[in-house]
Protein chains: 2
Amino acid sequence: MTPETLLGYPVVVGAGVLEQVAAHARRAGLERAVVLCDANVEAYARRVSAAFAGSVPLRAFRLGEERKTLESLAAVYAALGETEADRRTLVIGVGGGVAGDLFGFAAATYMRGLPFLNVATSLVAMVDAAIGGKTAIDLPAGKNLAGAFADPVAVVADVEALRSLPEAQIREGLGEMIKHAILSGQAAFARLEALAGHAFAGWPWSDLVAENVAVKAAVVAGDRLEGGDRERLNLGHTFAHAFERASSYQLTHGNAVAVGLRAAGLAALAHGTWSQRDQERLVRLLLAFELPIAHVGLDVEAVLAAMRMDKKRRDGRLRFVLPRALGEVACGIELEDAIVREAVEHCTR
Amino acid sequence: MTPETLLGYPVVVGAGVLEQVAAHARRAGLERAVVLCDANVEAYARRVSAAFAGSVPLRAFRLGEERKTLESLAAVYAALGETEADRRTLVIGVGGGVAGDLFGFAAATYMRGLPFLNVATSLVAMVDAAIGGKTAIDLPAGKNLAGAFADPVAVVADVEALRSLPEAQIREGLGEMIKHAILSGQAAFARLEALAGHAFAGWPWSDLVAENVAVKAAVVAGDRLEGGDRERLNLGHTFAHAFERASSYQLTHGNAVAVGLRAAGLAALAHGTWSQRDQERLVRLLLAFELPIAHVGLDVEAVLAAMRMDKKRRDGRLRFVLPRALGEVACGIELEDAIVREAVEHCTR
């Protein structure tokens, strides 16, 4: 099944597909639009608004990981008010994961919900954040704590946007791509291995993004509101979030996912459900993609404490998603403390 | 059909039903709960938390019409964080319309949605605000501008809570009850007429609340997300909102609805779709209930400007819901300016 069939909305992937945004607005029967963008991609966003026949207001916001706040939400609401957006106005968000989360949440709640179109401009947004209908802002008490499940009318991922990204930002998305490859199986994993050593400019981005969208869409479709199968997407993330927090977010999410995948593999190895050979393949791929496999010097106790904090919020018990083989994961695994500790120790030295 | 069948969740109405809250939480399979309340009804809310076997945290907030803000939302989110609420925690909101809107929106968005149970303690909340799954906060640009459609797991309306309310607060709900009676028909309207002159203490509140819930549930059920039939509930409200705004909210919503119903009747009369006899019956009932039928001295131009502001946000045209007969309304009516002006003039002198 196509992502559109699985998700209920189209995900348009390709080079130059940016120009299709206006057509999608028309197809959705929406008369008006407003473009909200990350200030970093304002020039790009202007191309979106210029593709409309009439004049479409555009508002740029200074975003960044630390600005996904209630204050930013208030500013977005104010912009929607100023531009006289109403329920027949298409809100077009242009930017990376932060932009999609913030603009998507604002659209989902302004007047109790305006239609939203997500133009993803970062690799993380294209392969992960923009797919699945999750929007959120951070609260002082934690990341992504307030939000909404709200499907966009469409997601547009123009891979030409990746050309202008610094390599470090491309790398932010590679951890999630490796995670998707583990969920997907041998072929997807081998395909990534074959790309190692090639410059990003030569990667077949349209195909890669489309395949990652397909993997995520298949998981999300069966579990829109989280409670079952979607847990698979947490592979490596219980560790990753703890590493991020314990580093006071000096470790970016993308790098934390890389370390977290290695840690999940180490734990699965100790738990007896993952092979040494697969773990070595995983670590080789992480290294080949120049992703970190440890955050040296991080306090082990701080990581473990962050992990307990995280899970205590949910049900008081630590439960992990672990790899079993390429194409197979196990969910809801309660690990012995010693196994968790050892995996963390390995990834902090 | 019962409100539960229509809405998909139970609305428990009666004297002493407060004690059933804990049972509803158990029925919903929820292990934990947190009680959020308007500080004005904290003693009442303590009875809710005391009805649970284990300890249930309670947080009280100073609310009021002017506090349905993003700042209050941040405070509610913080309380949910402090009490370690998660997706299996039932959020119980106790209070009037403001409390239900604010706590309901917080619950709908915290962790992308916690289950919510609405304990309505004001007449307006019982007969109107708590029914229909609409939650919201105000923004600087306007009232109820940010919110969510989010059904509660149950609504509990214990009419004993009405006993302690000042008469003015009871009266806040009477306008909506008259509106529902017009939507409902002769019998409901005559029933209200028969109550005129009797002290509130002697009114059959359980029956009255249950009937109002049934009227609203029937309208809402056919149009959960607003777009069609739900517009009927706007009877009198285009005028009412303009009166409220033009008075800088010195006119309360309940009183504005009373004036707005009269204005809608006057406009319908001039439009030729409502009888003089029915209009006189309406005005007599408003007066018998000691509700205002005008806000003397209000600037007519300010009211008309407020009305244009309101509608411009939606589609640039003024459209009204007008009464046709008891039990029949007409939606989407575009009135001549002169008719609107005359109705407003009558209601400001």
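Visitor: What is the strand order of the open sheet in chain B, and is the pairing parallel or antiparallel?
Guide: In this predicted model, the open sheet of chain B has six strands in the order 1-8-5-4-2-3, with parallel pairing. Strands are DSSP runs of E, at least two residues, and helices are runs of H or I, at least four residues, numbered from the N terminus; two strands pair if DSSP finds at least two bridges between them.

Visitor: Which strands are at the edges?
Guide: Strand 1 (11-14) and strand 3 (58-61) of chain B, each pairing on one side only. From one strand to the next the twist averages 15°.

Visitor: How many bridges join strands 4 and 5 of chain B?
Guide: Five, between residues 89-95 and residues 116-120 of chain B. G95(B) is opposite A120(B) there.

Visitor: What does helix 10 of chain B lie across?
Guide: Helix 10 (residues 205-221) of chain B lies across strand 1 and strand 8 (154-158) of chain B, at about 155° to strand 1. Axes are lines fitted to C-alpha atoms, for helices over the stretch in contact, and angles run from 0 to 180 degrees between N-to-C directions. Contact is C-beta atoms, placed from the backbone, within 7 Å.

Visitor: Changing topic, what rotation superposes chain A on chain B?
Guide: One of 180°, with 0.0 Å of shift along its axis and RMSD 0.0 Å, by least squares on C-alpha atoms of residues with pLDDT of at least 70 in both copies. That is the relation of a two-fold axis.

Visitor: Which C-alpha of chain A is nearest the axis?
Guide: That of L70(A), 3.9 Å from the axis. Residues are numbered from 1 along each chain as its sequence is written, and chains are lettered from A in the order in which they are written.

Notes:
This is a predicted model: local features need pLDDT of at least 70, side-chain atom pairs count only at pLDDT 80 or more; totals for chains, interfaces and linings use all residues. Two residues are in contact if their C-beta atoms, placed from the backbone, lie within 7 Å.
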